[in-house]
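Please examine the structure shown below and follow the explanation alongside it. The paragraphs proceed from one whole chain to its parts, and then to the contacts.

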Amino acid sequence: MKVLAAMSGGVDSAVAAARAAEAGHDVTGIHLALSRNPKSYRTGARGCCTIEDSNDARRAADLIGIPFYVWDMSERFHEDVVEDFLAEYAGGRTPNPCLRCNEKIKFAAVLDRGLALGFDAVVTGHYAQLRTGTDGLIEMHRAVDMGKDQSYVLGVLTQEQLAHSLFPLGDTAKPEIRAEAERRGLQVAAKPDSHDICFISDGDTGGWLGEKLDSSGPNAVLSSGPIVDGESGEVLGEHEGSWRFTIGQRKGLRIGTPAADGKPRFVLDIEPVSGTVTVGPREALAVSGLTCIRPLWCGTAPTVPTECTVQLRAHGEEHRAVVIPSETGFDVTLLDPASGIAPGQACVIYDGSRVVGSGTIAATSR
Amino acid sequence: MTVYLDHAATTPILSEAAAAMTAQLSSVGNANSLHASGRAARRVVEESRETVARALGCRPGEVVFTSGGTEADNLALKGLFWSRRAADPARTRVLTTSVEHHAVLDPLDWLGEEEDAGIELIAVDHLGRLDLDAFRAAVDASPETVALVSVMWANNEVGTIQPIAEVVEIAHAYGIPVHTDAVQAVGQVPVDFAASGVDAMTVTGHKIGGPYGVGALLVRREVQLTALLHGGGQERDVRSGTIDAPAIAGFAAACELAVKYQPELAVRLAALRDELVAGVQAAAPDAAYNGDPVSDVLHRLPGNAHLTFPGCEGDSLLMLLDARGIECSTGSACNAGVAQPSHVLLAMGCDDEQARASLRFSLGHTSTEADVQALLAAISPVVERARAAGSISRPAGS
């Protein structure tokens with residue numbers, strides 16, 4: 001097959017490209033430029049958009065012996081991922097931009113362009129496994145290395161997208177990938193993993209949001225507001241912008257008066273219009289049901305209430321649940337209670353190790 | 001087989017130039033040493049200086065060897081600006097065109113930001129040629145405040161040749177010095193420093209069949225330049241640094257041959273280029289030929305073909321051609337490999353989309369009929385595919 005290897009400049013995508021080439025595919029490496037003004041050097045935390053990363057990807061492609069190009073996806077990325085990220089925070093939700101990027105950029109804009117240019121598939125360094133099911137559909141399963149499993153952030157991919165994807169790393173544990181990179185002579189073998197949001201180069205999400213969500217523009221948000229006790233309604237303090245909080249958060253509340261029971265308080269709710277952040281005890285975070293919108297199914301969509309497991313955050317635990325199809329998506333009854341679930345995050349549905357689909361959490365019930 | 005159609009980026013080294021360079025590489029001798037080995041190296045450098053001077057119509061003492069075009073541009077622009085302003089603090093304006101190479105635009109930006117220079121980018125017409133009326137008006141407005149003028153001889157992207165004689169006439173009426181970046185012109189059209197009347201001219205080795213990393217600023221003896229590189233005082237004390245005798249020998253050999261064979265090369269390349277353009281337009285009838293359609297010494301470089309393919313992304317076309325062994329350029333500046341829409345095309349009145357939909361094919365001394373035929377055999381399906389991919393990488397409606 002003629003395949004496009006999306007190469008971030010990290011070790012995983014370099015080994016994925018090398019494996020695809022070794023498997024006999026005609027591989028072309030591409031690095032996605034996601035920022036118009038890439039920084040020359042990293043400042044603080046790792047980011048994906050640096051010139052250094054682009055060079056690392058280029059050197060890996062040289063060594064593998066494949067052509068290499070930089071594709072400018074900055075405008076699409078800004079519109080589909082960064083703007084969405086801002087709008088979600090402005091709405092008091094907690095988005096996951098990696099899922100959004102996979103849904104809109106890597107396996108949409110890049111894949112579509114690749115298909116139009118005569119490529120058959122996109123290969124990435126994601127840790128997930130693809131196999132063909134008994135019904136002939138492509139199934140996506142969790143990676144062998146559960147510590148690295150990335151099926152959660154791929155839960156937005158449809159059958160059509162999966163049919164044009166390759167994840168060559170899903171059957172291997174991360175330490176082996178590093179050893180393999182070393183063996184192949186890839187300079188990125190010892191490069192640290194990226195964890196932070198790639199477009200926030202210093203890792204300070206609150207500070208970055210503060211700059212972008214100022215009082216002007218479409219995503220204007222109040223830069224202060226009350227912190228209110230969920231039970232008594234008493235105003236406990238002031239905060240410096242609701243985007244600094246996510247549901248379940250305990251740190252950074254800076255409430256002067258202790259709770260009557262002396263126990264720590266957590267963020268229970270964020271109401272962005274009035275800027276109200278509601279807090280309460282840990283017990284009040286417990287969630288028994290979810291309302292999910294924007295459903296995306298990897299294969300066949302469930303039509304009746306179905307018992308399954310769900311994962312509610314990246315690298316989060318699995319919860320047994322019943323998924324009930326609805327008009328706008330699906331509802332979830334959690335059989336194992338969850339705590340501190342933030343609207344905006346994805347609910348990814350599993351049947352064993354297989355990803356069934358996903359939705360965006362719109363509301364939770366307690 | 002590689003079909004190389006990117007000679008404006010760099011052109012293969014001439015065997016004579018490679019031989020002249022390698023002959024010196026194994027010789028010891030600092031051209032500024034006083035002993036026999038030093039004198040031998042110095043002799044090579046001075047003979048090379050004379051060769052370059054003869055080829056380009058200047059006196060040997062007017063050749064300042066540099067590390068290439070970018071350094072020569074920096075030396076001309078900053079060196080002239082500083083010395084002219086030092087002589088009269090009122091001289092703070094620099095007049096140039098909106099289609100210069102980044103090696104001119106960026107030093108001028110720097111002068112604007114760090115030295116409070118007033119940088120004026122004079123408009124060009126839809127062919128990419130300087131608007132002489134606008135230029136004259138900018139000079140006439142207050143000639144005593146103009147430190148220098150810099151206008152490229154020929155544009156690197158669309159091949160348009162600038163009206164250097166008129167620029168010189170207008171500027172010299174007020175004693176304003178003129179610099180021209182002629183890196184694309186030498187070897188393609190006749191270039192004579194003295195006859196042109198310019199005060200400083202940038203030339204470089206690797207665009208004319210010489211080695212990389214060497215070039216020269218030709219500068220009139222009476223023109224004062226402030227040095228950028230300070231040290232041992234080599235090159236008239238305006239460009240210190242140990243003289244690179246091997247590279248200079250290779251550069252001089254290339255210069256001599258490029259100028260010698262320029263007339264016949266120009267005829268041959270113009271014919272190939274016309275065939276290329278006609279063939280591409282036959283395969284893709286909506287492809288627009290950018291720049292000046294008239295190809296002669298006053299209008300367009302003979303080796304340049306620049307085309308816009310509506311509905312295609314230039315980098316899609318480039319990648320698809322590259323996969324077929326055909327090498328060309330999107331002709332745009334790169335930042336971490338991210339293509340920006342060409343400032344040259346934007347200045348000529350193209351919109352963003354047209355600017356992104358363009359390719360430059362540039363021919364040189366190794367170009368053949370077979371190269372052109374290979375491109376023509378490939379272009380149809382490539383344009384078709386690129387058009388299907390369209391502008392997927394950009395948001396809808398942008």
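In this predicted model, chain A has 366 residues, and a compact globule with that number of residues would have a radius of gyration near 21 Å. The radius of gyration of chain A is 22 Å, which agrees with that expectation. Along the principal axes, the C-alpha trace of chain A spans about 65 × 50 × 35 Å. Of the 366 residues in this chain, 48% count as buried; here a residue is buried if 20 or more other C-beta atoms lie within 10 Å of its own.

The secondary structure of chain A comprises seven helices and 17 strands. How are five of these strands arranged in an open sheet? Their order is β3-β2-β1-β4-β7 in chain A, and the pairing is parallel. At the edges of this sheet stand β3 and β7 (165-166) of chain A, each of which pairs on one side only. In general, strands of a sheet pair through backbone hydrogen bonds, either parallel or antiparallel. For strand β2 of chain A, residues 26-33, the pairing with β3(A) is in the parallel sense and extends over five bridges. Within β3(A), A:Asp72 is the residue opposite A:Ala33.

Strand β3 of chain A also has a part in the contact between the chains. That contact takes 20 residues from chain A and 16 residues from chain B. On the side of chain A that touches chain B, at least two residues each are supplied by α2 (51-64), β3 (68-72), α3 (74-90) and α4 (97-116). The residues of this side of chain A comprise 11 nonpolar, two polar and seven charged.

The last topic is a pair of helices within chain B. Two packed helices are described by the angle between their axes and the distance between the axes. For helix α8 of chain B (residues 245-283) and helix α12 of chain B (residues 369-389), the axes come within 9 Å and cross at roughly 10°. Because angles under 35 degrees count as roughly parallel, α8(B) is described as roughly parallel to α12(B). From α8(B), the residues that make the contact include B:Leu272, B:Leu276 and B:Val280; from α12(B), they include B:Val372, B:Leu376 and B:Ile379. The residues of the contact between α8(B) and α12(B) divide into eight nonpolar, two polar and two charged.

How values were computed:
Residues are numbered from 1 along each chain as its sequence is written. Chains are lettered from A and ligands numbered from 1 in the order in which they are written. This is a predicted model: local features need pLDDT of at least 70, side-chain atom pairs count only at pLDDT 80 or more; totals for chains, interfaces and linings use all residues. Two residues are in contact if their C-beta atoms, placed from the backbone, lie within 7 Å. Helices (H or I, at least four residues) and strands (E, at least two) are DSSP runs, numbered from the N terminus. Ala, Val, Leu, Ile, Met, Phe, Trp, Tyr, Cys and Pro count as nonpolar, Asp, Glu, Lys and Arg as charged, and the others, Gly among them, as polar. The radius of gyration is taken over C-alpha atoms; the globule rule is 2.2 Å times the number of residues to the power 0.38. A residue is buried if 20 or more other C-beta atoms lie within 10 Å of its own, exposed if 12 or fewer, and partly exposed in between; C-beta atoms are placed from the backbone. Two strands pair if DSSP finds at least two bridges between them. Axes are lines fitted to C-alpha atoms, for helices over the stretch in contact, and angles run from 0 to 180 degrees between N-to-C directions. Angles under 35 degrees count as roughly parallel, over 145 as roughly antiparallel, 65 to 115 as roughly perpendicular and the rest as oblique.
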